[in-house]
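Have a look at the model first, then we'll go through it topic by topic.

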Amino acid sequence: MKPDNQPHPAPSDREEPARVNRRDFLSSAMAAGLAATGAGAAGKASARQAADNAQAPGALPPTAAQEAMESEIPHGYSADQAREYFVRNPGSDFMLDVIRRLGLEYIATNPGSSFRGLQESIVNYGGNQAPELLTCVHEEQAAAMAHGYYKVSGKPMGVLCHGTVGLQHASMAVYNAWCDRAPMILLAGNHLEATERRAGVEWSHSAQDCVRVIRDYIKWDDMPLSLQHYAESMARALKIAMTPPAGPVAVVLDGHLQEAEAGNQRLSLFSVSVNQPPTGNEAAVAEAARWLLEAESPVIVADLMARDQEGVERLVALAEALQAPVVNQFGRMNFPNTHYLSQGSTAVAQADVVLGLELFDVWGVINTVRDRVHRDSVRKARPDARVISIGSNDLFTKSNYQNFQRFYPSDLSIAGDAQATLPMLTDAVLSGMRPARRATNAAREARWREAHSLARAQALDEARYGWNASPVSTARLYAELWNVVKDRDWALVSDDGAQSRWARRLWPIDRHYQYIGRSGGAGLGYGAPAAIGAALAHRAEGRFAVNVQKDGDLMYTPGAFWTAAYHRIPLLTVTHNNQGYHQEFMHLQRMAARRQRGIDSSWRVGNELRNPDIDFSRMAGAMGVWGEGPITDPDDLGPALARAAEVVDGGEPAFVDVRCQPR
Amino acid sequence: MSAFSRIAQSPGLAVPVLLLWTLGWALASAEEPADDVRKGRALYVSQQCWQCHGHEGQGGVAGNRIAPTRYPYEAFARLVRFTNLMPAYSPKVLSDEQLRLIYAYVRSMPEPPPLEEIPELDFD
């Protein structure tokens with residue numbers, strides 16, 4: 001950190017080189033239609049947007065009285081009277097300066113009184129730019145948006161909420177992000193000083209330790225008691241959140257600190273240098289290279305590994321050096337599925353050395369537990385297979401929630417960030433490769449090219465089955481979607497696991513941003529808001545974002561679509577609407593069969609979402625999102641998607657409800 | 001992993017199923033009686049086979065493709081009764097006759113259109 005150890009000046013003394021004067025900004029923003037859409041959409045502002053934004057409450061110009069407030073004592077007030085009623089230099093203005101210095105571009109929020117000071121600073125002192133507030137209708141939605149945004153942009157988003165009821169609402173999405181190693185900075189409003197609380201709600205919305213509710217699944221938190229303390233805690237929070245394994249952090253914003261006069265304290269801002277990801281031990285990496293070179297059938301398995309395209313390319317370099325197949329578990333887009341070394345999970349069964357990279361579950365790669373009365377485990381890998389594990393799991397974890405999975409004693413365990421360690425490993429492989437080993441690469445390549453080609457042909461063949469079925473098959477859903485996205489710079493912002501992985505099987509995925517993995521904790525309510533957060537990041541790059549949305553998941557956080565419409569976040573959402581909680585049906589079916597009671601119509605109880613059927617397109621429409629459906633005839637799907645794509649091309653979200661096969 | 005390869009990795013099932021598979025490939029071409037197919041379809045729906053195997057038997061991540069099946073009845077029945085791949089339906093909840101009718105329906109399911117007739121699957 002580089003302290004900028006200067007006094008934090010009063011408003012009249014502050015220079016604003018990096019900030020447009022807020023009054024000038026607001027005037028120009030109204031004219032250009034920027035205030036509600038953010039800078040990323042500035043060039044695309046339509047006449048409609050400009051007209052709408054002229055009415056946006058966040059862009060109102062200051063009144064004459066407000067202008068006078070900033071420079072002089074209002075008429076009729078003595079200096080003492082003015083001190084009683086007006087704040088010239090509120091603490092939350094400094095809080096915003098800190099946030100801006102740390103580079104947060106967006107803050108997702110559902111407004112609340114415990115952080116009204118900071119909210120006012122953001123919209124008036126900061127002009128609602130960098131950070132821009134994203135209006136959310138639920139804190140779970142806000143946190144999930146931050147989750148999705150990070151996985152595309154690589155940047156943390158702020159989540160501003162009540163320390164009590166807000167964090168409680170946000171907790172599910174925070175847990176997903178924790179499991180998925182997605183950083184975010186939770187800013188939690190709280191009033192610690194009891195004698196200054198207003199009676200009633202302000203007491204209900206205060207806590208001695210408000211972060212306690214989520215502390216089991218965040219990396220760090222603090223409750224600063226001064227503005228300087230806050231500045232240092234925010235800088236620390238950012239560093240900790242971004243250091244692998246990345247994860248959420250929380251800083252409590254005391255209400256009094258926000259709202260009271262900061263005065264002329266000497267306050268320091270910090271420019272934070274985020275930690276470089278740690279690499280594995282050099283000697284251990286060299287040993288890993290020896291094992292991989294000695295192996296007859298090395299296999300690489302990658303899960304939460306690549307942070308960006310560089311990570312993908314590093315893995316391609318290692319795989320090609322070894323001519324070793326890569327099993328991409330798609331926690332992130334680690335490896336192009338178009339590459340001949342991209343192989344299915346069965347490759348692990350014949351491996352004599354398995355290299356695991358940032359595996360969510362090492363044990364589960366090597367073994368499986370059979371879901372039957374006696375839950376015995378079976379080893380999937382060869383008995384003599386050796387396992388090398390490179391990852392940051394052991395660098396930080398917590399004990400209560402068990403998302404760390406069953407323990408597996410890897411034969412060679414290297415603590416370090418896998419993406420950062422890959423160049424060292426690849427260099428060691430290339431430098432240690434003898435001519436005899438190198439000579440085997442051609443045969444290995446031929447083998448895997450053939451296997452890849454066969455798998456590709458098999459996927460296309462399988463996609464034919466149920467092609468004309470109604471409800472629509474999930475294979476056809478993705479095939480029709482491909483026709484829409486194939487000539488665009490596309491990105492899928494959802495996980496296709498519930499749709500029989502048809503995106504991964506059919507679509508050529510070779511860019512890191514084209515696939516963002518899964519929710520992490522499998523907590524429902526992730527899909528829509530995470531997709532919208534990801535789409536926000538794609539908007540800045542002009543990409544066409546697609547979300548295949550599960551119906552049951554959508555019912556947790558449907559309000560996210562209002563946010564997409566309000567902030568004009570272009571996103572094509574297509575439902576995988578199987579009218580039920582299908583995973584749970586299968587559990588019920590297994591229990592009924594195990595107890596020899598039969599399933600018949602009992603599967604409906606607790607699982608189906610029918611009678612009444614949910615009209616999702618009308619629901620989307622009610623929130624200002626263009627909607628169509630339900631589509632039941634597969635031949636109607638392509639034209640509906642084409643119409644929706646036109647809306648998205650125009651910079652708006654669109655929604656197509658499709659009644660689909662269960663999986 | 002296909003059903004066939006999973007079975008092949010299960011020592012107790014591999015040999016008999018492989019034999020039956022081979023035998024059934026040759027025999028499974030006879031037309032099923034229309035009434036059996038109709039009754040079998042009703043059972044396929046009521047017994048929720050479609051939940052994992054799809055309305056057209058196309059399968060997916062939750063269950064293997066089963067249509068049009070090339071399993072002989074004996075292999076088909078064994079997979080339904082004794083398997084780690086799906087809930088084991090015993091004769092108590094699904095009689096032999098019901099299973100036979102479901103088999104008749106699954107066998108009657110038509111082949112999908114050839115790949116050349118589906119332009120949406122032309123990814124080249």
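Let's start with a strand pair: β17 (residues 544-550) and β18 (residues 571-576) of chain A run parallel and share five bridges. Keep in mind that this is a predicted model.

**The sheet around that pair**
- Zooming out, chain A has an open sheet of five strands, ordered β16-β17-β18-β20-β19, with parallel pairing.
- At the edges you'll find β16 (490-492) and β19 (626-631) of chain A, each with pairing on one side only.
- From one strand to the next, the twist averages 20°.

**Helices lying across it**
- Helix α18 (residues 474-485) of chain A lies across β16, β17, β18 and β20 (653-658) of chain A, at about 165° to β18(A).
- Helix α20 (residues 527-539) of chain A lies across β16, β17 and β18 of chain A, and its angle to β17(A) is about 175°.

**Strand β11 and its partners**
- Now for β11 (residues 353-357) of chain A, which is mostly covered, with five of its five residues buried.
- Both of its faces are covered: A:Val353, A:Leu355 and A:Leu357 are buried on one side, A:Val354 and A:Gly356 on the other.
- β11(A) runs parallel to β9 (residues 298-302) of chain A, and five bridges join the two.
- It also pairs in the parallel sense with β14 (residues 386-391) of chain A, again over five bridges.
- A:Gly356 turns up in both pairings: it is the bridge partner of A:Val301, and it stands opposite A:Ser389 in β14(A).

Terms used
Residues numbered from 1 in each chain as written. Chains lettered and ligands numbered in written order. Predicted model: local features only at pLDDT ≥ 70, side-chain atom pairs only at ≥ 80, totals over all residues. Pairing = 2+ DSSP bridges. Helix = DSSP H or I, 4+ residues; strand = E, 2+ residues; numbered from the N terminus. Axes fitted to C-alpha atoms, helices over the stretch in contact; angles between N-to-C directions. Contact = placed C-beta atoms within 7 Å. Buried ≥ 20, exposed ≤ 12 C-beta atoms within 10 Å, placed from the backbone.
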